[in-house]
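Student: I have a structure open and would like to talk through some of its local features. Could we go one region at a time?

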Amino acid sequence: MSEQYSDHKRLGHHSGLIPSRTYTYALSEAFFASVPYPYQRFYRSHVRQALSWYNGFVDWFHKGQTGDTYFSTRIAYTVLHKLAKLTVGRKLLFDDDGKASNETIDMFGKKGLDPLHFIELYSKKDNWSSKLKLATEWTYAGGTSALKLDSVSGKLVLEPLRTDEFLFDTDHHGEVVKSSALIYTETDTATRAGGEKGKELYYLFEERKYAENGKPMYRLAIKRGTGHDLGFKDVDFHSADQDFKSCPKHIREKFVRRFPRIMFNEWQELPFDTIGFWIIKATDGVSFAPSLPHGESLLTNCFHILQGYDFFYTALMTDMYLGRGKIIVPQHMQNPQSNMDWDDYGHFRGFDTFLTTMIPYVNPSDQKPLEIQFDLRSEDWKEIRNHLLQLLATNLGVSERTIATYLVPASEKPSNYEISADEDATAAFVEDKRDRLSRVFDEILEEILNFYGFESRVSVKFSKIGLQNQQNLLNNVTLKWQNGLIDHRTALEELYPDKTEDQITKIIELKKKESEYKQEQKEKEVGNDIIKNSEQQMREGSQGLQVERDEKD
């Protein structure tokens with residue numbers, strides 16, 4: 001045999017399957033180094049690991065000490081992304097509790113907008129639904145995320161932040177009193193010593209706090225670092241400020257265009273009643289560190305399952321790799337013109353090609369092609385996959401059906417935003433998370449209404465339609481209605497849980513008018529029929545009299 005032959009040939013080494021190409025390197029190591037000392041252990045051992053699984057690369061696992069490499073399936077991202085969509089729903093709804101307001105504002109090309117319609121229109125213009133889904137997804141991944149309000153040219157903009165992009169302090173009531181966040185970056189191609197070119201990044205570091213007089217203040221400080229745009233790689237939260245005038249001209253121009261009328265590196269007053277910075281937590285606290293003001297990632301209780309799933313997928317790919325159909329062919333039966341220098345390891349030169357060369361045996365009867373095909377064990381792998389996903393659903397507190405439709409094959413398949421009848425656990429999960437979100441978002445709505453001079457209040461509502469199967473709901477309501485168990489209004493309230501009392505009343509009134517109109521049309525048709533019948537009878541009577549006269553004559 002060739003001296004280059006090796007019977008140990010792992011995936012990713014001389015193979016078309018390369019696990020390292022599935023990795024996403026996007027962690028900000030400098031951020032974790034900037035975390036205050038009391039929180040260092042929590043951030044490094046739990047937040048960092050949770051975000052690594054969410055991103056798709058865990059350094060100590062995917063490239064283990066044994067030299068083996070494992071595929072990254074990013075199953076954590078897939079599941080949390082779906083849970084965030086279910087939690088927020090298709091779109092955000094708002095309610096003024098039926099309290100009419102005389103306050104109006106002219107904005108977005110509309111005149112006389114009351115608080116409710118103003119907020120509904122603002123939500124669409126600023127894309128709040130997508131931003132809240134993103135913040136919810138990051139909350140599930142890192143345990144904590146943030147929403148902050150920015151005033152840009154007199155208009156408020158809502159921005160979500162991931163837990164590795166900000167730091168915060170709270171008072172004894174849990175209210176945020178100080179925040180630090182990296183919010184913007186610009187890249188400059190710099191020439192370093194020796195003529196080597198590299199990327200130099202200029203960051204805007206935003207700080208918010210309350211002044212001694214209680215007024216909310218903010219500062220945009222310029223920081224400088226190196227790295228790339230996937231996260232704030234090499235910038236220190238506590239590094240010295242970069243003077244605005246010392247930045248390259250094109251960087252200064254971009255900063256000014258993005259943040260007009262801002263005095264960089266100087267404290268300025270915020271146009272809010274608060275610092276405009278809110279924390280969203282996945283849980284009320286951290287189970288193993290109750291004193292921390294953070295939430296706990298949903299992945300904390302699933303690390304072992306995530307390891308198992310990526311190991312399972314790698315083992316499955318190994319079976320596929322080994323099970324690829326191969327054939328051993330005698331040398332004299334191969335094309336002598338074929339070029340195999342790129343991987344010519346001699347006889348049985350490995351499993352990367354489907355054609356290998358047979359050792360010349362003395363017996364001529366053995367000099368014939370030999371087929372090789374290993375068992376793929378597909379049914380075994382399906383069972384292992386389902387078992388891992390069922391464990392994942394259990395630890396997340398949702399139904400199996402939510403994680404993957406094929407785990408409950410006999411159930412009816414709902415849409416992406418809808419929960420089927422066998423997902424009661426998921427419905428309870430979503431209701432709990434929505435309660436947390438609504439408390440935070442109602443505070444944001446209050447701040448926005450105050451900024452634009454409204455005294456009335458509007459609250460956020462989440463669509464309940466996705467929490468139940470619509471076909472089952474319609475069947476149940478119809479059955480109760482037909483058996484006289486509920487009245488008309490109650491039936492409509494069950495069918496349209498997102499409608500307000502006024503909207504339900506309007507539906508009833510429209511249905512009543514429609515019924516009255518149909519009754520009028522029916523009565524007209526009956527009247528027309530009577531007239532037609534009378535005219536027909538009269539014609540028939542006239543014809544009968546004429547026949548009698550003719551007979552007498």
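Student: Which exposed residues sit on the face of helix 9 turned away from its buried side?

Tutor: This is a predicted model, so what follows describes computed coordinates. On the face of helix 9 turned away from the buried side, the exposed residues are Glu 379, Glu 383 and Thr 394.

Student: And which residues of helix 9 are buried?

Tutor: The buried residues in helix 9 are Trp 381, Asn 386, Leu 388, Leu 389, Leu 392, Ala 393 and Leu 396. They lie on the same side of helix 9, because the arc they cover around the axis is only 165°.

Student: What do they pack against?

Tutor: The buried residues of helix 9 pack against helix 4 (75-88), helix 8 (303-322), helix 10 and helix 11.

Student: How far does helix 9 reach, end to end?

Tutor: Helix 9 spans residues 378-396, which makes 19 residues, and from its first C-alpha to its last it reaches 27 Å, close to the 27 Å expected at 1.5 Å a residue. Just after helix 9 comes Gly 397, with a positive phi of about 85°.

Student: Does anything touch Gly 397 from elsewhere, or rather, what does Ala 425 touch?

Tutor: Leaving aside residues up to four places away in sequence, Ala 425 touches Gly 397, Val 398 and Ser 399. Ala 425 itself is placed in helix 11, and it counts as partly exposed because its relative accessibility is 33%.

Student: Where is Ala 404, then, and is it buried or exposed?

Tutor: Ala 404 lies in the loop between helix 10 (400-403) and helix 11 (424-451). With a relative accessible area of 6%, Ala 404 is buried.

Student: Which residues do ring pairs link into a cluster?

Tutor: The cluster linked by ring pairs consists of Phe 94, Phe 108, Phe 118, Tyr 122, Trp 128, Phe 272, Phe 441, Phe 451, Tyr 452 and Phe 454.

Student: Back to polar residues. What does the side chain of Asn 55 contact?

Tutor: The side chain of Asn 55 makes a polar contact of 3.0 Å with the side chain of Arg 162. Asn 55 belongs to helix 2, which covers residues 37-55, and it is buried, with a relative accessible area of 6%.

Student: I also noticed some backbone angles. What is the phi of Arg 261, and where does that residue lie?

Tutor: Arg 261 has a positive phi of about 60°, although it is not a glycine. Arg 261 lies in the loop between helix 7 (249-258) and strand 10 (267-269) and is exposed, with a relative accessible area of 69%. Asn 265 is found in the loop between helix 7 and strand 10 as well, and its phi, near 70°, is likewise positive in a residue other than glycine.

Student: Last topic, the chain overall: how many helices and strands, and how much is buried?

Tutor: The chain has 14 helices and 15 strands, and 42% of its 553 residues count as buried. Of the contacts between residues at least 6 apart in sequence, 65% join residues at least 24 apart. The chain exposes about 31,100 Å², of which carbon and sulfur atoms supply 51%.

Notes:
Residues are numbered from 1 along each chain as its sequence is written. This is a predicted model: local features need pLDDT of at least 70, side-chain atom pairs count only at pLDDT 80 or more; totals for chains, interfaces and linings use all residues. Side-chain values use heavy atoms; hydrogens and water are left out. Helices (H or I, at least four residues) and strands (E, at least two) are DSSP runs, numbered from the N terminus. Buried means under 20% relative accessible area, exposed over 50%, partly exposed in between (1.4 Å probe, protein chains only). A polar contact is a pair of N or O atoms within 3.5 Å; within protein, one must be able to donate a hydrogen and the other to accept it, and residues adjacent in sequence count only if both atoms are side-chain atoms. Contact means heavy atoms within 4.5 Å. Accessible areas come from the Shrake-Rupley method with a 1.4 Å probe; for residues, only the protein chains shown count as cover. The expected span of a helix is 1.5 Å times one less than its number of residues. The arc is that of the directions from the helix axis to the C-beta atoms. Rings of Phe, Tyr and Trp (its six-membered ring) pair if their centres lie within 6.5 Å; planes under 30 degrees apart count as stacked, over 60 as edge-to-face and the rest as tilted.
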